[in-house]
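Take a look at it first, and then read on.

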Amino acid sequence: MTADAFYTLLQVIMIDLVLASDNAIVIGLAAAGLPKEQRGKAILIGIIAATVLRIFFAAITTQLLQIVGLLFAGGVLLLWVCWKMWRELRVQHHEEVDAVEALHEEDINKDGKVAGATQKKTFMQAATQILIADLSMSLDNVLAVAGAARDHPEILIFGLVLSVALMGVAANFIAKVLHKHRWIAYIGLAVILYVALDMVYRGLVEVLPLVNGAINGG
């Protein structure tokens with residue numbers, strides 16, 4: 001493995017870890033307002049949906065990124081993801097605590113309740129929030145991996161498989177670890193920002209000759 005490939009592999013692993021955790025936190029936050037007997041069901045639906053969506057997007061995104069212009073569009077989308085992640089990292093502490101408590105059914109802050117501070121909601125409201133978040137965040141995850149590993153097909157495949165595996169098996173655990181060690185999430189955010197800017201740059205390199213050609217031809 002070359003130094004460039006190893007660096008790309010580290011990027012992909014960090015992206016998968018952080019975005020799986022972020023997805024799990026959003027699922028937990030949506031489910032936190034439900035009664036205990038419904039919370040586990042909503043979280044399970046969210047994890048399954050996120051896993052299935054990652055498989056679907058993994059199957060089509062690498063082909064889509066071959067279309068001129070979509071690499072640039074994917075980079076812009078990831079820049080928005082970075083902004084969204086930055087805001088989520090700055091979210092009120094009690095909201096994130098409630099999300100992690102809901103994921104693990106554990107009274108982390110020792111207040112005598114599990115996810116007790118979250119506003120109550122219906123199961124349908126929680127499920128809708130979870131599915132919308134899963135749709136967006138699964139695409140974000142696959143785009144980030146594809147953008148980072150585009151020149152290394154074997155790492156791309158590994159990254160997509162790891163993304164699915166983490167979401168299906170370890171997302172809740174990773175969310176708890178990143179809740180305790182916030183600096184890991186900030187490193188992940190920096191990696192995703194780098195990938196987004198790189199995708200925007202490479203996308204412009206692809207698009208500008210076509211735009212100039214169209215202008216000159218016109």
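This is a predicted model: local features need pLDDT of at least 70, side-chain atom pairs count only at pLDDT 80 or more; totals for chains, interfaces and linings use all residues.

Residues are numbered from 1 along each chain as its sequence is written, and side-chain values use heavy atoms, with hydrogens and water left out.

**The overall picture**

The protein has 7 helices and 0 strands, and reading along the sequence gives the pattern α-α-α-α-α-α-α. Helices here are DSSP runs of H or I with at least four residues, strands are runs of E with at least two, and both are numbered from the N terminus. Of the 218 residues in the protein, 47% are buried. Buried means under 20% relative accessible area, exposed means over 50%, and partly exposed is in between (1.4 Å probe, protein chains only).

**Helix 2 and the nonpolar patch**

Helix 2 covers residues 36–64. It has 29 residues and reaches 41 Å from its first C-alpha to its last, close to the 42 Å expected at 1.5 Å a residue. That expected span is 1.5 Å times one less than the number of residues. At A58, helix 2 bends by about 30°, the bend being the angle between axes fitted to the seven residues ending there and the seven starting there.

Which residues form a nonpolar patch on the surface? They are F56, I60, L64, I67 and L70, and together they have about 400 Å² of accessible area. To join a patch, a residue needs over 30% relative accessible area and no salt bridge; nonpolar side chains (Val, Leu, Ile, Met, Phe, Trp, Tyr) are linked within 5 Å, and like charges within 9 Å. Helix 2 gives the patch its largest share, 3 residues.

F56 lies in helix 2 and counts as partly exposed, at 45% relative accessibility. Its C-alpha is 9.2 Å from that of S138, although F56 and S138 are 82 residues apart in sequence. I67 sits in the loop between helix 2 and helix 3 (70–89); I67 is partly exposed too, with a relative accessible area of 45%.

**Some buried residues**

| Residue | Helix | Relative accessible area |
|---|---|---|
| I43 | helix 2 | 7% |
| D22 | helix 1 (residues 3–31) | 11% |
| N141 | helix 5 (residues 123–148) | 0% |
| L166 | helix 6 (residues 153–180) | 11% |

So what do they touch, leaving aside neighbours within four places in sequence? I43 is in contact with I27, A31, A102, L103 and N172. The C-alpha atoms of I43 and A32 are separated by 9.3 Å, with the two residues 11 apart along the chain. D22 is in contact with M85, E88 and M137.

N141 touches I15, D16, L19, A20, R54 and S163. L166 has D16, L17, A20, A171 and I174 as its contacts. L166 and T51 are 115 residues apart along the chain, yet their C-alpha atoms are separated by 8.7 Å.

**A charged pair**

Side chains of opposite charge can pair when their charged atoms come close. A salt bridge here is a side-chain nitrogen of Lys or Arg within 4 Å of a carboxyl oxygen of Asp or Glu. How many salt bridges are there by this rule? The count comes to 1.

The pair is R202 and D198, whose closest N and O atoms are 3.1 Å apart. Both residues lie in helix 7 (residues 182–217), 4 residues apart, or about one turn of the helix. R202 counts as buried because its relative accessibility is 16%, whereas D198 is partly exposed, with a relative accessible area of 26%.

How values were computed:
Accessible areas come from the Shrake-Rupley method with a 1.4 Å probe; for residues, only the protein chains shown count as cover. Contact means heavy atoms within 4.5 Å.
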